[in-house]
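Please examine the structure shown below. The paragraphs that follow lead from the chain as a whole to a sheet and then to a single helix.

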Amino acid sequence: MWNARRQNRHIITKHNELLKRLLASEQEKNELKMALDAHAIVAMTDARGVITQVNDKFCTISQYSSEELVGQTHSLINSGHHPREFFQDLWRTITRGEVWTGDVCNRAKDGSLYWVQSTIVPLQSKNGQPAQYIAIRADITARKEAEAKTQHMALHDELTGLPNRLLKKDRLTRAIASKGRSPGYGAVLLMDLDNFKEVNDTLGHDVGDELLKQVALRLANSVRQVDTVSRFGGDEFVIILDNVGADLDGAMANTGRIGEALRVTLAEPYQVGSQYLTTTSSMGAVLFSSAADDPDELIKQADMALYSAKETGRNQLCFFDPLLQAKAIEQALLVRDLRQAIDNNELALFYQPIVNARQQIEGVEALLRWFHPELGMVPPDKFIPLAEKTALILPIGDWVLKTACSQLAAWHEDPRQQDWTLSVNISGRQLNQAGFVDTIKSVLAQTGARAELLKLELTESVLQDNMESTAAKMKALRPLGIRFALDDFGTGYSSLSYLKRLPLDQLKIDKSFVDDIFEDPGDAAIARTIIALANSLELGVVAEGVETYEQMEWLQENGCRLFQGYLFSRPVSIDQLNSMLDTSHLGVGQTTRMGVTQ
């Protein structure tokens, strides 16, 4: 009896202990569930993926009620962001009894997207197969949005929102690669705005920036979704056109049509604040059809075509021609050699006389020549534009000034030449240097040249760049005695206002007007008008390019007093110039006619 009671107490004790453990286990479960509910998005599904239970956070983020979710699969919130293979991999992992983790983009009931970091744990049955799955998720939408914003900033232009260079290169690389799978032609357009610098200089960078944003918007709205518009830098944009044609002729025609449509669209007026602006654009185009094409090379070729469009008048589209590449290589080699020309003593000044009506030399113009060790004498119109484009004109211009002024000082010792004026051409880059006035003063001091015999020749295009600054520098040099001539007058944007505002001493009639004064009444009228204008403003006038006595006589009859051209002499070296003087005994006050010097 006693043993039976003892055994009964033992059973009761065991039962109580088991009950306590069960209660403790249930409490732990409740605590775990509360913890999960407080900090995680939780859902349970059966082995088929049908939702059997969700917590409140799941309902909040998905915007579905528990009743709407239970009995459905997660396809209810599928956003379509992930490919089918993504979910196939997920199911392969959890059906093996393994835990799957990853980031998933879902769609809420209102259509908005949200991101969750998911951990899916299989709960196995007695036979070792998953019977249920519990998915524990954390909302990472804010983090994903921040990452997306950072990535967008890294790949897009801050001002216009267009793809930047990095994304442009990726898109172009993909477009090129696609030609291995889909034969046909694509195209790259490189475009910029004509005279955009004037907008920034005259209206300010804020207006310029707003104009760029409107240009970007027009471009983006004018191409297909499969195409790419990117900002290359400054006012340059790259347009990648996909599938413009199956054959070369069709592709060129389509690209030309698209380019023309873009050009016309960009030429429409822009409203920036209370102002209306108009601008034109130039474009270079290149086609590609091979998966082996190089993205960087295509951009270079498009740039060459763009340069050609600029050179031939702007406001147009030009296609890349392999001859352009050969020319670009030739120019690059010339620039390389030109950098060494001063140190290698390859530069020289030639001098062309300026004579009066009695063919007496009153001055000379210094003209730069380059004697290349392999190419011989390189024509000035071939290397001087390259020097201006690459800023080599600055050291070269300094060399010209010093050499010319040294020669001017040397002539002071010769009675035949001591009163000659010496004209030196000044480029826009030189004139725009902040220290230009000090440079001229320094050269005069170093060489001992007489300032009143130095004449600086400017072109009309130089005057347009920065009128106020140019006028100030000219006026600062004028008290020294330096004179100023306006070269090639009538070939650029001739304005009577700058003739009045600037301290000019002389106008030079361009050779193009002198050539045809007997054949073209328009040229004759222009030459006559320039002479009359100069005389009325009490400016000297020089006719350039005089090659016949008939031209000289006509110019004299119309009031021109100074002449320059092959009729009197070609540009010659200093030794040849001295030899001419020794032979003909020409000089100031001499009346002997000069013959053409070869």
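How many helices and strands does the chain have? In this predicted model, the chain has 22 helices and 21 strands. Of its 598 residues, 44% are buried. Among contacts between residues at least 6 apart in sequence, 62% join residues at least 24 apart. The chain exposes about 31400 Å², and carbon and sulfur atoms supply 51% of that area.

One part to consider is an open sheet of five strands, arranged in the order S7-S8-S6-S11-S12 with mixed pairing. Strand S7 (228-233) and strand S12 (317-319) stand at the edges; each has a single partner strand, so one side of each is left without a neighbour in the sheet. From one strand to the next, the twist averages 25°. Strand S11 (residues 281-288) pairs with S12 in the parallel sense over three bridges, and Ala-285 has Phe-319 in S12 as its bridge partner. Helix H8 (residues 205-221) packs on this sheet, touching S6, S7 and S8, and its direction makes about 5° with that of S8. Helix H10 (residues 295-311) also packs on the sheet, where it touches S6, S7, S8, S11 and S12; its direction makes about 140° with that of S11.

Just after H21, Gly-559 takes a positive phi of about 105°.

Technical notes:
Residues numbered from 1 in each chain as written. Predicted model: local features only at pLDDT ≥ 70, side-chain atom pairs only at ≥ 80, totals over all residues. Heavy atoms only, no water. Helix = DSSP H or I, 4+ residues; strand = E, 2+ residues; numbered from the N terminus. Buried < 20%, exposed > 50% of the residue type's maximum accessible area, 1.4 Å probe, protein only. Contact = heavy atoms within 4.5 Å. Areas by Shrake-Rupley, 256 points an atom, 1.4 Å probe, with all protein chains shown as cover. Pairing = 2+ DSSP bridges. Axes fitted to C-alpha atoms, helices over the stretch in contact; angles between N-to-C directions.
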